[in-house]
Amino acid sequence: MAVADQARTQASVSRKPALAWEGVTYRLVSVLLMIAVWQAISLLVSPKYVPGPMSTVMAVAKHAASGALWGHFLATIVRMVSSFALAMIVGVAAGILMGLFRRGEQMLDLWVMVGLTIPGLCYVIVSFLWLGLNDRAAILAISWTTFPSIAINIWQGVKAIDQRLVDMARVFRASRWRRTVRVVLPQVLPYLMAATRFGLGVVWKVTVLVELLGRSDGIGYMLNYSFQMFNMADVFAWTLSFTVFMVIIELGILKPLERKLFRWRPEISG
Amino acid sequence: MATITIDIISKLFRSRAYPEGLLSLDNIRFGVADREFVCLVGPSGCGKSTVLNLIGGLDRNYTGRIEIDSRPLSHDGSHPVRVGYVFQEPRLLPWLTVRKNIYFALESIGVPHSEWRQRTETWLEKVGLAGFGDSHPHELSGGMQQRSAIARAFAVDPEILLMDEPFSGLDELTARSMRQQILELWDTTRKTVLFVTHNSFEASYLADRILVMSPRPGRLRQEMKVELPRPRNYESSQLFEFSVQVTRLLTHGGNGM
């Protein structure tokens, strides 16, 4: 069949490599360059104001050895995880309401915008004033700040659902459940992923702020403490250690998950 | 065995510009006999796709009655007659391979799992896509995607096949070979086909009978039996002359078009 032959030659089957280690050489070079620049700046300015990589790592090691690192890490992570979960539940619900129903959009879009505009600091102060200097207030403030950006992502995702695919499923008599799980959800998944990434970034930034203002443990508290002591090496150490932690989450969980979920996507070359 | 009886009294199109509703279909009455190939032809905007949507159950907001095999089209999708649908675009789920796309339709419509593989391979082969089951839609050309959609529609073994300008997005050469193919498939399976197009040559080449529609509101203007012998030849002058007649009907005196 001539058509089939033509078709066969037309298909250029190119799959995205499953390897997460692609381009690892250049990433490594980039990291090494960054460390070199850091070292250079430290030497040029003064190791007192800009501690170099070596002394920063030493400071991290010191806190790890004393056990302080793990306790503060745990406190911060518990706050982050519970706030993120709460923000996700509220944000996804609001996003779906706004995406599916015009009334929902009209009722909520202003408040999501307002929520996004008000600085996290305001929520933090208000929460502490209402609930006192405790973890309930901390979690309320963090999730409050985070949920608008999650809601916006989900809102966009729900609005971008291709109704034509849903109609296709309907003519083949897919049940409502099947249409939701097999046709709608996969379309929203990239937005859910974006919401997660965005949300985690916001959660982390607000958590540190909350700890600085009203808690007596966590990375934010230790940052403030080091600042009071004017201990630059410790400021760098706490920042670095948590940054590494976040990078590990990104490269170890989010990226591989994304690759697994969206492997079907065409490679964007540019 | 499957016949379609359509008796649409009216279909209103509501929008912000027409809060009262704009009459988009007016008194559309026709039948499609078992194993018949009927083309619904009309200029764009005449509501021909709307007719298909109503039969396919995608739009339930109309006055009138649609019967398949003398049973009114149920509104819950539990009608015993299987309908295969080919849209203007392939409408494949982009995250599934071609094979899994067909499985999706088979599973949705309730075909037993044991038959999926056999049916899918058979139809991929018949549309000339043997060996492409594991490709994702974006790895295929537009024509191949549309052929996957045709394989999907046939694989559910429908009694009725609804096709909504399935070749209008393809280049003429691909469209030609696919028209030929669809006729071969129809010849061996003898489905009841209702095919929507704005292309009078395409309609003349394919159909047993052509229904010409006029726009605003959508009405049936004329019915034409295509008495040309099958298999039909693209180069035949009779076919060409017939299609000119259809075109004339489409353009002649059409409400100031």
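## Basis of the model

The model is predicted, with local features needing pLDDT of at least 70 and side-chain atom pairs counting only at pLDDT 80 or more, while totals for chains, interfaces and linings use all residues. Residues are numbered from 1 along each chain as its sequence is written, chains are lettered from A and ligands numbered from 1 in the order in which they are written, and side-chain values use heavy atoms, with hydrogens and water left out.

## Annotated regions of chain A

The unreviewed UniProt entry places the annotation "domain: ABC transmembrane type-1" on residues 73-253 of chain A; UniProt positions are given here in the numbering of this model, feature names are shortened, and annotations may be inferred rather than shown by experiment. Over residues 73-253 of chain A, the chain is 89% helix and 0% strand, with end C-alpha atoms 18 Å apart; helices (H or I, at least four residues) and strands (E, at least two) are DSSP runs numbered from the N terminus.

Residues 137-155 of chain A are 100% helix and 0% strand, and their end C-alpha atoms are 27 Å apart. Residues 183-204 of chain A are likewise 100% helix and 0% strand, with 33 Å between the end C-alpha atoms.

## Where chain A meets chain B

Contact, meaning heavy atoms within 4.5 Å, links 30 residues of chain A with 43 residues of chain B. About 3,100 Å² is buried between the two chains, and carbon and sulfur atoms give 61% of that area; buried area is the accessible area (1.4 Å probe) that two parts lose on being put together, summed over both. Phe172(A), Arg173(A) and Trp264(A) supply 26% of the area that chain A buries against chain B, more than any other three residues.

Three salt bridges are found across this interface, a salt bridge being a side-chain nitrogen of Lys or Arg within 4 Å of a carboxyl oxygen of Asp or Glu. One of them joins Glu89(B) to Arg164(A), whose closest N and O atoms are 3.7 Å apart. On the side of chain A that touches chain B, helix H1 (2-10), helix H8 (163-171) and helix H9 (176-214) each supply at least two residues, and H8(A) gives the most, with seven residues.

## The two domains of chain B

Chain B is divided into domain 1 (1-81 + 160-257) and domain 2 (91-158), with bounds that come from an automatic or database domain assignment. The centres of these domains, taken over C-alpha atoms, are separated by 24 Å, and their contact takes 13 residues from domain 1 of chain B and 13 residues from domain 2 of chain B. The area buried between them is about 1,100 Å², of which carbon and sulfur atoms give 72%.

One salt bridge is found across the interface of domain 1 and domain 2 of chain B. Asp157(B) and Lys191(B) form a salt bridge in which the closest N and O atoms are 2.7 Å apart. On the side of domain 1 of chain B that touches domain 2, strand S7 (160-164) and helix H5 (172-189) of chain B are the elements that give two or more residues, and the largest share, six residues, comes from H5(B).
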